Amino acid sequence: MAIWVDADACPKVIKEILFRAAQRLSVMVTLVANQTLAVPPSPFIRTLRVGAGFDVADNEIVRRVGPGDLVITADIPLAAEVLEKGAMALNPRGELYSPATIRERLTMRDFLDTLRASGVQTGGPPPLSQRERQEFARELDKWLAG
């Protein structure tokens, strides 16, 4: 049982929640990114720096993840791939991806990509709310207790 974090875009507050959980429950948390990350000293927290490039970190997570592991990501295609490998995927906003909903999410993502490619401004996600932070912590606790 391990936690893999798509760390390049993961909010700092979510990383801090993960760091506390790693220490409290002795669960390995690995942050995968294409840049150097600062993490607290701990035998349960490590970083894995990958080369620059499109989906390099995602591909490394997919290569290493195992059944029962948890991946923290807002990247819907990555979530779909780890679900296929028997792992779970949790969005930093507290949404647990599932095989039943991932196709719908992929379709919406592709639609928004098409809109952006045609010049429509779709805007970015809103800042992480307190409720979303709490939802993330709740879903993480459920997985850890599982």
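The model discussed here is a predicted one. Ser-26 is a residue other than glycine with a positive phi, and its place is in the loop between H1 and S2. Its relative accessibility is 46%, so Ser-26 counts as partly exposed. The elements on either side of this loop, and the sheet to which S2 belongs, are taken up next.

The sheet is open and is formed by six strands, in the order S3-S2-S1-S4-S5-S6, with mixed pairing. The edges are held by S3 and S6 (96-97); each has a single partner strand, and therefore one side of each has no neighbour in the sheet. Strands of a sheet pair through backbone hydrogen bonds, in parallel or antiparallel fashion. S1 and S2 run parallel and are joined by five bridges. S1 and S4 run parallel as well, with three bridges between them.

Helix H1 spans residues 12-25. From the first C-alpha to the last, its 14 residues reach 20 Å, close to the 20 Å expected at 1.5 Å a residue. The buried residues of H1 are Ile-14, Lys-15, Ile-17, Leu-18, Phe-19, Ala-21 and Ala-22. An α-helix has 3.6 residues a turn, so residues three or four places apart point the same way. The pairs Ile-14 and Leu-18, and Leu-18 and Ala-22, can be picked out among the buried positions. What the buried residues of H1 pack against is S1, S2, S3, S4 and helix H5 (130-145).

Which residues of the largest nonpolar core touch the most other members? They are Ile-3, Val-5, Leu-18, Ile-72 and Leu-140, in a core of 24 residues. S1, H1, S2, S4 and H5 are the elements that give two or more residues to this core. H1 supplies the largest share, six residues. Leu-18 shows how these elements meet: residues up to four places away in sequence aside, Leu-18 touches Ile-3, Val-5, Val-29, Ile-72, Phe-136 and Leu-140. Another core, of 19 residues, lies apart from this one and has Trp-4, Val-71, Val-82 and Ala-87 among its members. In a regular strand, side chains alternate between the two faces of the sheet.

H5 also holds Arg-133. Neighbours within four places in sequence left aside, Arg-133 is in contact with Val-13, Ile-17 and Leu-128. Ile-17 is also one of the buried residues of H1. Arg-133 and Pro-92 are 41 residues apart along the chain, yet their C-alpha atoms are separated by 7.6 Å.

The next helix to consider is H2, residues 56-64. H2 lies across S1, S2, S3 and S4, and runs at about 165° to S1. Its buried residues are Ala-57, Asp-58, Glu-60, Ile-61 and Val-62. Their cover includes the strands S1 (2-6), S2 (28-33), S3 (45-49) and S4 (70-72), together with helix H3 (76-84). The loop between S3 and H2 contains Asp-55. Asp-55 has a positive phi of about 65° although it is not a glycine. Its relative accessible area is 30%, so Asp-55 is partly exposed.

Is Ser-42 buried or exposed? Ser-42 has a relative accessibility of 17% and therefore counts as buried. Its place is in the loop between S2 and S3. A polar atom of the Ser-42 side chain lies 2.9 Å from the backbone nitrogen of Phe-44. Ser-26, in the loop between H1 and S2, counts as partly exposed.

Note on methods:
Residues are numbered from 1 along each chain as its sequence is written. This is a predicted model: local features need pLDDT of at least 70, side-chain atom pairs count only at pLDDT 80 or more; totals for chains, interfaces and linings use all residues. Side-chain values use heavy atoms; hydrogens and water are left out. Buried means under 20% relative accessible area, exposed over 50%, partly exposed in between (1.4 Å probe, protein chains only). Helices (H or I, at least four residues) and strands (E, at least two) are DSSP runs, numbered from the N terminus. Contact means heavy atoms within 4.5 Å. Two strands pair if DSSP finds at least two bridges between them. Axes are lines fitted to C-alpha atoms, for helices over the stretch in contact, and angles run from 0 to 180 degrees between N-to-C directions. The expected span of a helix is 1.5 Å times one less than its number of residues. A polar contact is a pair of N or O atoms within 3.5 Å; within protein, one must be able to donate a hydrogen and the other to accept it, and residues adjacent in sequence count only if both atoms are side-chain atoms. A nonpolar core is a set of buried Ala, Val, Leu, Ile, Met, Phe, Trp, Tyr and Cys residues joined through side-chain atoms within 4.5 Å.
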